[in-house]
Every structure is written in C-alpha cells, then in structure tokens.
Amino acid sequence: MNPIFKTTEKTINNYKKGGQASVYQGDYIGLIKKLPDDSVDLIFSSPPYCIGKAYESTNKLSDFIFSHEIIFKELVRVLKPGGSLCWQVGMHVKDGVSTPLDSLVYAESIKHFELKLRNRIIWTFGHGLHCHNRFSGRHETIMWFTKGNDYDFNLDAVRVKQKYPGKTSSKGIKKGQPSGNPLGKNPGDVWNIPNVKANHIEKTNHPCQFPVALPQIFIRALVPENGLVFDPFSGSGTTAVASLIENKYFIGSELCNEYNQIAHERILSTLEGLPKARPWNKEVATPNIKSKVATAPEGYGQPENIMDNLVQSLSSSFQT
Ligand SMILES: C[S@@+](CC[C@H](N)C(=O)[O-])C[C@H]1O[C@@H](n2cnc3c(N)ncnc32)[C@H](O)[C@@H]1O
C-alpha cells in the first residue's frame, strides 16, 4: 500500500481492488494538510475558474488569484522533487472581458523557484458556446511545471502516428531510410481532443468535466510505476479514472457530495474493468460529407471553406 493512504485512510473513501484510489469529501485543505512533503508524483487538476458556476461562490478574478497564492504553496510542498504539476485552465470572462487564467497561474508559479514551466499545452476542441460579439472559445490550456530540473519524461509512451511514415532521408548516412521515428511522432503541444458534452461517452451530471485523455496522456508520460497522482479538485473523478486505467495510485478531494457520488461510480466501474473513457489516442472523427447533417439545405448560404481548412490542419496534429 502506498504509505500516503495510511495517513489519510480514516477520512476518505478508499478503493483497493485492482488499482487504488482514494477520494476525500470536503475542502482540499483538509486533505492536503495531511499529505507529507515530497510525496506526490503528479498533480493534475482543473481549479474553479471563479466565473460563477453552480459549484462556485464567487465570480471575482481577485479570488482566483488569492486562492492560488494559498494552494500553490501547498502543491509545491507535497510534490516530489522531479514530480510534475499540471494545471488546466481556460478563460475568465466577465462583462465580455476575457482574462487568460494561465497567465495568472504562471505569475503565481514564478514565486516558487522550484517550479519550471515545460509546456503550455493547447487543448483544442471543435464545439462549445457560440459567441456573437467575439470569436467562440475553442481551446483551453494545461500548464505543465516540473519541480526542479531533474525529471523523467517517457515520450515514447505518448507518441502518435507519423503523418508521412514513408518519407525517407535524401542525404547523409541515413539516405533512403525512413526519416521519422518508427515509434511515432512527438504529439506536439496542440492537442485536439473532443470536450465532454452531450453524447460524449464520458458525460456525467458534472457541468465542467475534462476528458479522461487529458490527464491520461500526462500520466503515461510522467508517472513512474507505483506512482501517485493527486487531484485537489477531483469533481466527477476524471483524473481518478485516468490514473486507474494507467495502473497508478490516485488521491483526490472534492467539496460537493453529488460530484463525489459520480466519482465513486466511475471509479468502481473502472476498477471492474469497465471504464467509460474515450481512448487517449483515438482519431477525431471527420464528418461524413454525404450525410444529411453535413449537407446544406437548398438556398442556404455557406461561406468558403477557408476556416474549415484551418481547423482541419489543427486536428491532424493529434491523431492515431
Ligand atoms: C473545474 S471542476 C473540476 C472537474 C473535474 N476535472 C472533472 O473532470 O470532473 C472544479 C471542482 O472543484 C470543486 N471545488 C471547488 N472548491 C473546492 C475546494 N475548496 N475543495 C475541493 N473541491 C472544490 C468543485 O465542486 C468542482 O467540482
């Protein structure tokens, strides 16, 4: 058993069959204060954006900044040297004015000399709210920091299919041989993964789930065998599901009982070998151009496809 569970097991739900996950019901502070220094391999989370969602008591940007001053100190403390902190955020929009929350996260991170930014991943998705007075938001970001400079990164575990695997080198000692890596290409820092809406296989009653694939890619690349993943705002348990699929330990906290119930069910079905999760490397479907919904009704004006081409080139950057 991971020693952490011994310190916390009286206060949380433990799931011990197969993999191992624990979820604390309550404010994250209650859990994080119990976690020892240097004990977590990966922290992956999406905090409240302070935009007045059902589970938020505030829509003030100043509250986002203040809450991060408190939590980052604790996150850095519990993270192992060489461990990773991945913080998933979007935009704070109030009265039509947008603030990229990752800029505030970065501003907080530089107060902690141990944190080193490795990537700012753009998570892009094809659907979302339709705006009328600005461009519709179709991406969020994940800020990946490591604690210190000495860290493991298993790139091979997350390589994706080469676009042109038959391409060969034209000169040098490798002339005539395939020029790309036979294990696949680096997925880059723009990931096209459908967001969890409507008919998505992972959809629950939580209003702001992220897809299992997001934490899963980081877990595959960054968490060692028997490693521990921590999500202080675990919501519907998405990071727990990803951790268990990847056979890692998980610990999380969630304030809302209803969301914890959802997490409970998702964790149990994952441990039973029946996770509801879209595979991390599944290609994003392109619409069947002959289908009825893809065909414009007569007299219906359609713009030239310039923007479609742009979106298409983004989606090809992350596929099987
Ligand atoms: C953006 S959502 C996370 C959703 C999650 N990633 C998922 O896929 O389901 C943020 C979550 O933080 C929870 N929360 C807000 N304040 C909290 C606190 N102080 N301690 C623990 N959880 C909190 C909310 O109830 C909400 O479920």
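Which residues of E11 are buried on one side, and which on the other? Tyr249, Ile251 and Ser253 are buried on one side, and Phe250, Gly252 and Glu254 on the other. The points below place this strand in its surroundings.

1. Basis of the note. The model is predicted; local features need pLDDT of at least 70 and side-chain atom pairs count only at pLDDT 80 or more, while totals for chains, interfaces and linings use all residues. Residues are numbered from 1 along each chain as its sequence is written, and side-chain values use heavy atoms, with hydrogens and water left out.

2. The chain overall. Eight helices and eleven strands make up its secondary structure; helices (H or I, at least four residues) and strands (E, at least two) are DSSP runs numbered from the N terminus. Of the 320 residues, 43% count as buried, where buried means under 20% relative accessible area, exposed over 50% and partly exposed in between, with a 1.4 Å probe and protein chains only. Of the contacts (heavy atoms within 4.5 Å) with a separation of 6 or more, 69% are between residues 24 or more positions apart. The chain exposes about 17500 Å², with 54% supplied by carbon and sulfur atoms; such areas come from the Shrake-Rupley method with a 1.4 Å probe, and for residues only the protein chains shown count as cover.

3. Strand E11 and its partners. Six of the six residues of E11 (residues 249-254) are buried, so the strand is largely enclosed by the rest of the structure. Strand E2 (residues 20-25) runs parallel to E11 and is joined to it by six bridges; serine 22 has isoleucine 251 as its bridge partner in E11. Strand E10 (residues 228-231) also pairs with E11 in the parallel sense, over four bridges, with valine 229 partnered by phenylalanine 250. Pairing requires at least two DSSP bridges between two strands.

4. Helix H6. From E10 the chain passes through H6 (residues 238-245) to E11 in a right-handed β-α-β crossover; right-handed means that, with the strands pointing away from the viewer, the path from the first strand over the helix to the second runs clockwise. Seven of the eight residues of H6 are buried, among them Thr238, Val241 and Leu244. The cover over these buried residues includes E2, E10 and E11, together with strand E3 (40-45), helix H5 (213-222) and helix H7 (257-271). After H6 comes asparagine 247, with a positive phi near 60°.

5. Threonine 270. This residue belongs to H7 and is buried, at a relative accessible area of 10%. A polar atom of its side chain lies 2.7 Å from the backbone oxygen of arginine 266. Not counting residues up to four places away in sequence, threonine 270 touches Val241, Leu244, Ile245 and Pro275.

6. The ligand. Among the 20 residues around the ligand, Tyr28, His206, Ser236, Thr238 and Glu254 come nearest; a residue counts as near if one of its heavy atoms lies within 4 Å. A backbone N or O atom of tyrosine 28 is 3.0 Å from a ligand nitrogen atom, and a backbone N or O atom of phenylalanine 210 is 3.1 Å from a ligand oxygen atom. The protein buries 95% of the 600 Å² that the ligand exposes when taken alone.

7. Lysine 163. Lysine 163 sits in the loop between strand E8 (139-147) and strand E9 (190-192).

Definitions and conventions. A polar contact is a pair of N or O atoms within 3.5 Å; within protein, one must be able to donate a hydrogen and the other to accept it, and residues adjacent in sequence count only if both atoms are side-chain atoms.
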